[in-house]
Amino acid sequence: MSSPEHKQKIWNLIKDIKVGMLVTQEDNGSERLRARPMSLVQDAYDGTLYFYTPKSDAKVYEIKNDRDVCITFSDPENQVYVSLTGKAKLTQDKELIDKYWNAWASAWFKEGKDDPEVAMLEVKINKGEHWVTDENKILQLYEVAKANIKEESVPDMGENEKFGN
């Protein structure tokens, strides 16, 4: 779906942000969306994102049957925005848990990585979009003004790319 180079590009955009907002659909028949912050645990991206979670948490019920989820990353200071969508599932794969175990995860699970609640969300990304601009605010205002004056052009606000199906 996405080339190794593109996956590296996405990783370069999100790796320093570290925390994304995971958006799920509530599992109570209301079809309301819910977002919560989730911290990346991996040190590379191959098309799948991993997050630790207690297996009895509400988000686990909201992703049952491999539902689509959205994860957004935002770095307003550097004007980087990334939205990724994929199928999420719960895993208690011991090798995966061991591979990514760290002090951050340990703080959430008092019995350590052998805590029966320790699980990971595995999100296989199938589409996304990112926005990046290097332009300062004055140049952005200029682009907006120019687009308004010309009436046929769209402001050039930097890089925007969609991928996936």
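Which elements each supply at least two residues of the lining of the largest pocket? In this predicted model, they are β2 (33-39), β3 and α4 (103-108).

## The largest pocket

The volume of the largest pocket is about 300 Å³. Its lining is made up of 15 residues, and those closest to the centre are Pro37, Met38, Tyr52, Trp104 and Trp108. By kind, the lining residues divide into 11 nonpolar, 2 polar and 2 charged.

## The chain as a whole

The chain has 165 residues, of which 41% count as buried. Its secondary structure comes to 5 helices and 7 strands. Read from the N terminus, the order of these elements is α-β-β-β-α-β-β-α-α-β-α-β.

Among contacts in the chain with a separation of 6 or more, 66% are between residues 24 or more positions apart. The accessible surface of the chain is about 10000 Å². Carbon and sulfur atoms account for 50% of that surface.

## Helix α1

Helix α1 covers residues 4-14, and its buried residues are His6, Ile10, Trp11, Leu13 and Ile14. Viewed down the axis of α1, the buried residues fall within an arc of 160°, so they line one face of the helix. Pro4 and Glu5, on the other side of α1, are exposed.

Against which strands do the buried residues of α1 pack? The strands are β3 (48-54), β4 (68-75), β5 (80-91), β6 (118-132) and β7 (159-164).

## Phe73 in strand β4

Phe73 belongs to strand β4, one of the strands against which the buried residues of α1 pack. Is Phe73 buried or exposed? Its relative accessibility is 1%, and Phe73 therefore counts as buried, the cut-off being under 20%.

Leaving out residues up to four places away in sequence, Phe73 touches Ile14, Ile17, Lys18, Val19, Gly20, Leu40, Leu49, Val80, Tyr81, Val82 and Leu84. Ile14 is also one of the buried residues of α1. Gly20 is 53 residues from Phe73 along the chain, yet the C-alpha atoms of the two are separated by 4.7 Å.

## Two residues with positive phi

Most residues other than glycine have a negative phi. Lys18 has a positive value, near 70°, and is a residue other than glycine. Lys18 sits in the loop between α1 and β1 (19-25), and is among the residues that Phe73 touches. Because its relative accessibility is 45%, Lys18 counts as partly exposed.

Gln79, which is not a glycine, has a positive phi as well, of about 55°. The loop that holds Gln79 lies between β4 and β5. Whereas Lys18 is partly exposed, Gln79 counts as buried because its relative accessibility is 14%.

## Tyr61 in helix α2

Where is Tyr61 placed? Tyr61 is in helix α2, which covers residues 58-62.

Apart from neighbours within four places in sequence, Tyr61 is in contact with Asp27 and Ser56. The C-alpha atoms of Tyr61 and Leu90 are separated by 9.6 Å, and the two residues are 29 residues apart along the chain.

Key. Residues are numbered from 1 along each chain as its sequence is written. This is a predicted model: local features need pLDDT of at least 70, side-chain atom pairs count only at pLDDT 80 or more; totals for chains, interfaces and linings use all residues. Side-chain values use heavy atoms; hydrogens and water are left out. Buried means under 20% relative accessible area, exposed over 50%, partly exposed in between (1.4 Å probe, protein chains only). Helices (H or I, at least four residues) and strands (E, at least two) are DSSP runs, numbered from the N terminus. The arc is that of the directions from the helix axis to the C-beta atoms. Contact means heavy atoms within 4.5 Å. On a 1 Å grid over the protein atoms alone, a cavity is a set of points where a 1.4 Å probe fits but cannot get out, and a pocket is an open set with protein on both sides within 12 Å along at least five of seven lines; lining residues have an atom within 4 Å of a point. Grid points are joined across faces, edges and corners, and a volume is the space filled by probe spheres set on the points. Ala, Val, Leu, Ile, Met, Phe, Trp, Tyr, Cys and Pro count as nonpolar, Asp, Glu, Lys and Arg as charged, and the others, Gly among them, as polar. Accessible areas come from the Shrake-Rupley method with a 1.4 Å probe; for residues, only the protein chains shown count as cover.
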